[in-house]
Amino acid sequence: MIHYNTIKKICCIFFVILNVSILPAQQSKLSLEQIFSSNTFSLERSKTLKWFEGGDSYTTLVASSENKGYYDIIKTDTKTGEQSILIPAKWMIPEGKNTPLSIENYIWSTDKSKVLLFTNSSRVWRYNTKGDYWVLHLKTKKLTKLGGAKAKSSSLMFAKFSPDGNKVGYVREHNIYIESLTDGNVTALTTDGTDKIINGTFDWAYEEEFSCRDGFKWSPDGSKIAYWRINASKIKNFLMINTTDSIYSYTIPVQYPKAGEKPSEAKVGVVNASGGSTTWMKLSGDAGNQYIPRMIWKPDSKSLLLQHLNRAQNHNKVTLCNALDGNTQIIYEDKETAWLEAVDDFKYLDDASTFTWVSEKSGWKALYLVKNGNETQVSPTDSDMINIELIDEKNGWLYYMASPENATQRYLYRTKLNKKGKAERLSPKDQPGTHRYRIAPNGKFAQHTYSKSGLPPTTDIISLPDHKVIKTLVSNQKLKKQIAAIDRNPQEFFKISLDDGTSLDAYMIKPIGFDPSKKYPVLFHVYGEPWSQTVLDSWGGSNYLWHTMLSQQGYIVMSIDNRGTPGPKGREWRKCVYGQIGVLSSSDQAQGTKKIIEMFDFVDPDRIGIWGWSGGGSMTLNALFRYPEIYKMGMAVAPVSDQRLYDNIYQERYSGIPQLMPESYEKGSPVNFAKNLKGDLLLIHGTGDDNVHYQSIEVLANELIRHNKIFSMVSYPNRSHGIYEGKNTSRHLRETLTHYLKTNLPGGGK
């Protein structure tokens, strides 16, 4: 499920410029026009860098001085900052053309003698993963377009060099091809690809919920290709309707397995890179009742390691597969009473017999090294490892993110890989907030981004482990001055203790000219599902600015993270919501709100509002319907009103399989409590939402009508889940929210 942080990132793409003017002092009051239309608060982002030579240098795309509007590929010495042009834009001019390719991404061959250039991309659901690929030979400067004569424009996906750099594999129209870079021959490894038979990539649900997109892998020796084959022939189409782009409406089919429907059948096969028949891995069980979310090659190129999840997603069988005959053997298992996530930090170490595994079996999320069925825990035993940044085998270090003392923040730690020892925090102690890293393979350097609440990010190149700044890539100084000039109060973080001892993280932004003797309305921002936190000590972008604008107009803005949100607070905190999504979480929100009313005399209990997007929209509905005595107004954007309407991978993971746990869906779906509505409700949805279908608020609208409940509803034609497509859409949506809030929950102290 796309959560609000993702939506926020999508929206921010449209507001990026590098040159911004300083906000004059007389403009210290914010407006929607400034935040969502005029690019006044544009965020400068660092260029995407690729580590080179193990990290001793890196490459970036830099505007060309010779070919205006195009890019050179520049190499920078990490330590000295010395730069040189590796590939000038003029080398990227196709034969017969006058201008270079507009490069969106590039991939080096292992020996760095060739580079794959990605251009002319088009969107596949969330991301632009389809486009054109070209190969540039650095020695000869020969530029060749891949795909062969039959390839349509923008039709190739996930092109990657073979380990020796002499071939490229790619997906085209759901088939896998190998193209020789010596003679240009194109070999089809699969030929049965259709809209329903998907080779080398995935269907909608696998992409959305397992982040599976690139579905094939070269063997380490380059002799074979392992790939996923998805059979979606039994998956029903959900039909979205476009009524505005032509005189007659037309349908847009989406392969979408709703909760309770069997998943698409997935299997993994291995085929010689020269072509021939596929050897299928012989997994046990019903292919239509299980998942294969991850796969890696063993370094010997003779076998694969698969993660094999049951449909309930609480039993992951790590399965060793013989690439030659397809025979399989379960070599490791992880089980849960709630759910398991697919393990991303899944790789073989250099000894070719040890692989990495991440589990919460101890009660905390931790890294384990597994060898011959035996496991060794590496990260600490009394706190959560959030994710791995680097395993530096040569020097014996694990670099990982954690925040043992404060779940709203993120820091870099390291600990010995093969020896017991105390974990060491590397992020500076004088920089409280959120740190992000891209560590070089040699462990000596990192791209480091730091921000905190109300402070836009700074991105540096640093050395490790001393964390010294070598070069500042982006300072965002202009934006920081603009933010400093805004009339605002800080985002204050605090904790709420519930009667059962549960401690919830929360924040508030007080109104300008705050008078503690008066009572103010509160607008709660909520998400609350297992995919995101809202109470984070980091730069909040346009959402933070909008909340600050509301505080200038007399509102207290607050947020609470309930149990079930993915904070580093231990397994029980995250997974106690299993089978009661929407129930326990909304109870935490309501109890937290009651405690806030008790804690702060300046909170007006008669003016409590709540809003959220996606899962936050669902939480808004649950809060408004289940606790009408607390919440007087709610604004739900793209909510799931009935859990049976959402996709099977996500909803069954957290709510169970409907046929086995019907009560979970009955109790967790806000539509079943719509009859309790007493306050004011605004529903907003995009009619082209392929994620949470527009159907969701139509079903809810029918239920509200049945119970004679008055509500407001705004639809955005053909907009997706992020509701950003089309001119002025983001601005209009916030205008709508702001107008409804001010009309139904007046601001100001009383």
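## Close-up views of a predicted model

**View 1. The lining of the second largest cavity draws on α8 above any other element.** The largest share of this lining, 4 residues, is supplied by α8. In this predicted model, α8 spans 615-626, and both α8 and α9 (648-655) contribute at least two residues each to the lining of the second largest cavity. The lining is made up of 14 residues in total, and those that lie nearest the centre of the cavity are E529, I581, S618, V640 and Q643. By residue class, the lining of the second largest cavity holds 6 nonpolar and 7 polar residues, together with 1 charged residue. The space inside the second largest cavity comes to about 90 Å³, and the structure holds 7 cavities of 30 Å³ or more.

**View 2. S614 lies in the loop that leads from β39 to α8.** The loop in which S614 is found runs between β39 (603-613) and α8, the helix that also gives 4 residues to the lining of the second largest cavity. Although S614 is not a glycine, its phi is positive, at about 60 degrees. The relative accessibility of S614 is 0%, so this residue counts as buried, the cut-off for that class being under 20% relative accessible area.

View 3. The pocket is lined by 23 residues, among which V124, W125, K130, H174 and D195 are the closest to its centre. Two or more lining residues come from each of the strands β6 (114-124), β7 (127-137), β9 (156-161) and β17 (250-255), and likewise from the helix α3 (204-210). Sorted by class, the lining of the second largest pocket comprises 9 charged, 8 nonpolar and 6 polar residues.

**View 4. A cis peptide bond joins L464 and P465.** The omega angle of the bond between L464 and P465 is about 5 degrees. P465 itself is placed in the loop between β33 (455-463) and β34 (469-474).

**View 5. N476 is a non-glycine residue with a positive phi.** The phi angle of N476 is about 55 degrees, and the residue is found in the loop that connects β34 with α4 (477-485). With a relative accessible area of 3%, N476 is buried, as that class takes in residues under 20%.

**View 6. The whole protein, shown for orientation, contains 12 helices and 42 strands.** Its radius of gyration is 26 Å, close to the 27 Å that the globule rule gives for 750 residues, and the protein is therefore as compact as a globular protein of that length. Taken along the principal axes, the C-alpha atoms fill a box of roughly 80 × 70 × 60 Å. Of the 750 residues, 59% count as buried, while the accessible surface of the protein amounts to about 30500 Å², with carbon and sulfur atoms accounting for 49% of that area. Among contacts in the protein with a separation of 6 or more, 59% are made by residues 24 or more positions apart.

How values were computed:
Residues are numbered from 1 along each chain as its sequence is written. This is a predicted model: local features need pLDDT of at least 70, side-chain atom pairs count only at pLDDT 80 or more; totals for chains, interfaces and linings use all residues. Side-chain values use heavy atoms; hydrogens and water are left out. On a 1 Å grid over the protein atoms alone, a cavity is a set of points where a 1.4 Å probe fits but cannot get out, and a pocket is an open set with protein on both sides within 12 Å along at least five of seven lines; lining residues have an atom within 4 Å of a point. Grid points are joined across faces, edges and corners, and a volume is the space filled by probe spheres set on the points. Ala, Val, Leu, Ile, Met, Phe, Trp, Tyr, Cys and Pro count as nonpolar, Asp, Glu, Lys and Arg as charged, and the others, Gly among them, as polar. The radius of gyration is taken over C-alpha atoms; the globule rule is 2.2 Å times the number of residues to the power 0.38. Buried means under 20% relative accessible area, exposed over 50%, partly exposed in between (1.4 Å probe, protein chains only). Contact means heavy atoms within 4.5 Å. Accessible areas come from the Shrake-Rupley method with a 1.4 Å probe; for residues, only the protein chains shown count as cover.
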